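Here's a quick tour of a protein model, written for someone new to reading structures. Have a look at the picture first, then work through the points below.

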Amino acid sequence: MKKGLFISFEGGEACGKSTQIKLLKEYINKYKNKDDFVFVREPGGTPLAEEIRKLLLNYEDDKPLPMTELLLFCAARVENVYKVVKPALENGKIVIADRFYDSTIAYQGMARKIMSAKQILSLTKTIIGNVSPDLTFYLKISPEKAFDRKKNINEDLDRIEKEGLEFHRLVSKGYDYIANLEKQRFCIIDATKTPNEISAQIIETINKKMEENL
Ligand SMILES: Nc1ncnc2c1ncn2[C@@H]1O[C@H](COP(=O)(O)OP(=O)(O)O)[C@@H](O)[C@H]1O
Ligand SMILES: [Mg+2]
């Protein structure tokens with residue numbers, strides 16, 4: 001039976017996750033069998049989880065308490081993992097995720113300090129078992145540079161994107177923490193390179209990983 005492969009993209013806002021996933025999709029459509037790949041985003045991935053996403057990102061009327069925010073992210077993750085990610089991996093698919101639990105460690109753990117990173121890891125294990133990415137691309141950019149990029153985006157920013165520089169510095173610290181703790185799955189990428197340079201590096205790394213996984 002083919003082994004599945006779980007790949008996640010992480011990093012603070014405007015580091016280029018969506019841009020890279022889009023470039024990867026284009027490459028897959030051209031050179032790979034696209035039925036072998038499943039794309040998910042967090043929070044989201046199922047109809048219910050997408051509803052939770054709306055509550056988390058755009059619900060301004062009654063701002064969730066930090067703990068509520070954390071648990072809603074976790075609830076969406078449970079839906080996504082058991083209904084989409086796990087079945088796809090069991091079918092030998094390659095799952096590509098725009099964010100996964102590293103985001104919870106960085107944002108709700110390190111930045112909002114709702115729980116320690118260790119507690120979030122333990123909670124994650126409790127709710128989704130040992131589902132963990134095989135490979136994580138961490139697109140690393142300084143919060144200052146990311147802020148400059150964001151200034152050029154005209155789209156309305158969501159509730160979390162509106163947080164200040166200090167918050168995003170802590171987010172970076174959170175990513176550095178988990179990248180150091182789970183080194184074996186992390187590929188840290190200089191997100192200030194051009195999108196095409198980064199994409200080439202990502203594709204090369206994925207192709208290598210796919211060969212190892214045969
Ligand atoms: N390597 C890059 N260099 C310069 N700008 C980039 C790069 N990658 C993405 N961008 C731009 O930065 C902004 C945020 O990119 P996006 O992919 O949406 O980030 P994310 O999904 O991580 O929030 C977009 O305007 C995008 O065009
Ligand atoms: Mg994005």
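Predicted model: local features only at pLDDT ≥ 70, side-chain atom pairs only at ≥ 80, totals over all residues.

We'll look at one helix, then a ligand, then the nonpolar cores.

**Helix H1**
- H1 covers residues 17–31, and its end C-alpha atoms sit 21 Å apart, which agrees with the 21 Å that 15 residues should span at 1.5 Å a residue.
- Which residues of H1 are buried? They are Lys17, Gln20, Ile21 and Leu24.
- An α-helix has 3.6 residues a turn, so residues three or four places apart point the same way.
- The buried residues of H1 pack against strands S1, S2, S3 and S4, plus helix H8.

**Around ligand 1**
- There are 15 residues around ligand 1, and Ala14, Gly16, Lys17, Ser18 and Thr19 come nearest.
- H1 and H8 are the elements that give two or more residues to this shell, and H1 has the largest share, with three.
- Sorted by class, the shell has six nonpolar, five polar and four charged residues.

**Nonpolar cores**
- The largest nonpolar core has 42 residues, and Leu139 is among those with the most contacts inside it.
- Helix H4 (residues 101–111) gives the most to this core: six residues.
- Apart from that core lies another, of seven residues, including Ile52 and Leu56.

Definitions and conventions:
Residues numbered from 1 in each chain as written. Chains lettered and ligands numbered in written order. Helix = DSSP H or I, 4+ residues; strand = E, 2+ residues; numbered from the N terminus. Expected span 1.5 Å × (residues − 1). Buried ≥ 20, exposed ≤ 12 C-beta atoms within 10 Å, placed from the backbone. Contact = placed C-beta atoms within 7 Å. Near = placed C-beta within 6 Å. Nonpolar A, V, L, I, M, F, W, Y, C, P; charged D, E, K, R; others polar. Core = buried A, V, L, I, M, F, W, Y, C linked by C-beta atoms within 7 Å.
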